[in-house]
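My notes follow in the order I made them.

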Amino acid sequence: FKGGDTCEYLLSSGRFLGEKVWQPHSCMMHKYKNSEAKNCLIDKHIVFIGDSRIRQLFYSFIKLLNPQVKEEGNKHGNILFEDKSASIKVDFLWYPEVNGSMRQRIKSWTENSVTKPDIIVAGAATWSIKIHNGSNEALSQYKTNITSIAPLLEKLATSSDVYWVLQDPVYEDLLSESRKMITNEKIDAYNEAAVRILNSSSRNSKAKVKVFSVSKLIAQETIMRSADGLHLPESSRDTNAMILMNVYCNKIMKPIDGSCCQPQPPLTLIQKLAFCFFTLSIIGYLIINLIHRNSYRKNKSCTDLESGEEKKPAISTPNVSTLEMLLHSFCKLGLIMTYFYLCDRANLFMKENKFYTHSSFFIPIVYILVLGVFYTENTKETKVLNREQTDEWKGWMQLVILIYHISGASTFLPVYMHIRVLVAAYLFQTGYGHFSYFWIKGDFGVYRVCQVLFRLNFLVVVLCIVMDRPYQFYYFVPLVTVWFMVIYATLAICPQIVQKKANGNCLWHLGLLLKLVALLACIYFLSYSQGAFEKIFSFWPLSKCFELNGNVYEWWFRWKLDRYVVFHGMLFAFIYLALQKRQMISEGKGDPLFSSRVSNVLLFISVVSFLTYSVWASSCKNKTECNELHPSVSVVQILAFILIRNIPGYVRSVYSSFFAWFGKISLELFICQYHIWLAADTKGILVLIPGYPMFNVLVSTFIFVCVAHEISQITNDLAQIVVPKDNSTLLKRLLCVAGFFSGLLLFSAMQDRARH
């Protein structure tokens, strides 16, 4: 840990990921769009002063504001650019040598605050080498001139951002005869002089000229692709311009995926209160634990000297045990949340951008699939989608999704479309599982609803508080929560139709189908009526839960993307349970699900359907068009997988305990990855061990999985305490929860007012 100033890293060090993606050391670089660049630089005056290399950087910079700009005009003269819509002025001033003329221009800025630029990017040396044929006298004169300029630049740096661009190396084999005297040895000597002289007199950190040395590293990797051996290829110049934009704009725009040059965000009022709560929980647990141990020692079983019998303590403290368990859970949770905060909010650990390659995605996929096969065990029951099988399904899907996220595979459309099916499959299980429970058990009590809502939302609510993120940010939990309530409402609304009632009269089956048809009609209407959808979720306090960046469009998009799959899950559960009740399927150990002929036909159709969907997804050319079709066709591959997995008796009778273990904590894994495996809210990768990518992934993954498992246990423990079975006690707890969220809304409103 070398302090919080990642700007120095951005300006001086980094490496290429592949051929074109630049990765600064320790931090993430945001790719600015022209609209973002304009918002950052509004009413600003930027000046590039120097030689032809600075002119190239100038053009790359203004193309971030207006991509239509062409490099034309007098190459050895001043070039002016203005964006009137944002009142941005960007000038290039032709001063190829560090001499009296350049000094005079810089001095004029120090004397006139009106013409003084907000950003100054300067640099020159190759012309001095060329004109004076690389003589030592020219180097001495360069040192003298830059010594006279340095105090002026430092004076400007007190109120403006001043950057001195070091000279890039050349590719000597490509240099023309008139430039052969420009050698890398000479360039290094000029750079060394500039670095030594600049800031030598400045003791004030605010008056420092920022040395832009990262361009040298970029040039070392790319100069061989130069057209003339002197000037950088366009992609390298664009990278330099983007670095400049990040250095200046990140602290203003605060992009999530631009951690370079961003200060640590201040603690909010809610975060401070959360910190106090967890601190008190830790202190309280330690005190209770100490009292409990002392009490245990005093009441420890001892032998009666007269009778020789053992005496046992008559004291029972169930209340203390419950309190101790509660404090113990919050104590562990507090320590875990501290780790979350340090990983993704404090500038303590490094963060890096993702970079996708086919090998970084497919090799880990093959590895975990092979590993999962080695942990094959017999299932306790051989029903379709039994508990072990659904845990296994969730587990391998979650592992694939995690690899997809850390490898940045969303940029590869075929992989993206297949991952969309995995997310849909999780929602399919939501529809199948909750429908099956309500249909078979007929339990519509408040206890069941509260248990499910608590287990789904506990971790996300805590993270919203600790990490200062809106509820909708963790989009998957709002999605499954809303769909659970939709399933509950569909089945709980009178008439309540359950299996026990339907067995007595077949007309109840028709009634349930009518309910499902009504649900499908509502889904269809809302999916094509964005206005109606947004009105429903824009009412306060629902809006506080489902807004992201001031509107509910993101929530509508996420909901619409998999709008039919929960319905498909419910319908599948209804058909399967009806067939099972009428003994039309065989679920014995080793038996095929249907007769041999029917099983073979269905298996063939399933394999063809599965492969057909994969071929279609792999041929996708446009993400928007494919997303439009996805809600209707994703069920094809899901149903095909279920039939392939369950028709053969042997396949249905075994499962992978390796995948099932991960499946039991799949929700915690999905949520925790946001902050302690990935970084910058999933936009980058957390780096605990810099310089060793594979070792870093192993260590961060181990911690990440352990934390997710621990949080799963904490959630289960707290669910037993917070959501009791006794209705009167549960009602009191619900009132407390309502009071808690009311207070949270109040503090959130106070924070929003303070920010505005």
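My search of the whole structure then gave 50 aromatic pairs. One of them is Phe670 with Tyr674, edge-to-face at 6.3 Å centre to centre and 65° between the planes.

A note on the source: this is a predicted model, where local features need pLDDT of at least 70, side-chain atom pairs count only at pLDDT 80 or more, and totals for chains, interfaces and linings use all residues. Residues are numbered from 1 along each chain as its sequence is written, and side-chain values use heavy atoms, leaving out hydrogens and water.

Back to that pair. Phe670 and Tyr674 sit four residues apart in helix 27 (residues 666-676), about one turn of the helix; helices here are DSSP runs of H or I, at least four residues, and strands are runs of E, at least two, numbered from the N terminus. I found both Phe670 and Tyr674 buried (under 20% relative accessible area; exposed is over 50%, partly exposed in between, with a 1.4 Å probe and protein chains only).

Which residues form one aromatic cluster? I listed Phe48, Phe58, Tyr59, Phe61, Phe92, Trp94 and Trp127.

Next, charges over rings (NZ of Lys or CZ of Arg within 6 Å of the ring centre and within 35 degrees of the ring normal). Arg558 lies over the face of Tyr475, 3.8 Å from the ring centre. Lys623 does likewise over Tyr416, at 4.2 Å.

Then helix 10. I see Leu273 in this helix, and Leu273 is partly exposed because its relative accessible area is 38%. Cys276 is in helix 10 too, and at 41% relative accessibility Cys276 also counts as partly exposed. I checked Cys276 against Gly73: they are 203 residues apart along the chain, and their C-alpha atoms are separated by 63 Å.

Helix 10 (269-298) and helix 29 (727-755) each supply at least two residues of a nonpolar patch. I noted Leu269, Leu273, Leu746 and Met750 as that surface patch, with about 340 Å² of accessible area together.

Last, the record. UniProt, in an unreviewed entry, lists residues 22-92 as "domain: NXPE C-terminal". In the model, the end C-alpha atoms of residues 22-92 lie 25 Å apart, and I get 31% helix and 27% strand for the span.

How values were computed:
Patch = residues over 30% accessible without salt bridge, like charges linked within 9 Å, V, L, I, M, F, W, Y side chains within 5 Å. Areas by Shrake-Rupley, 256 points an atom, 1.4 Å probe, with all protein chains shown as cover. Salt bridge = Lys/Arg side-chain N within 4 Å of Asp/Glu carboxyl O. UniProt positions renumbered as here; feature names shortened; annotations may be inferred. Phe/Tyr/Trp six-rings, centres within 6.5 Å; stacked < 30°, edge-to-face > 60°.
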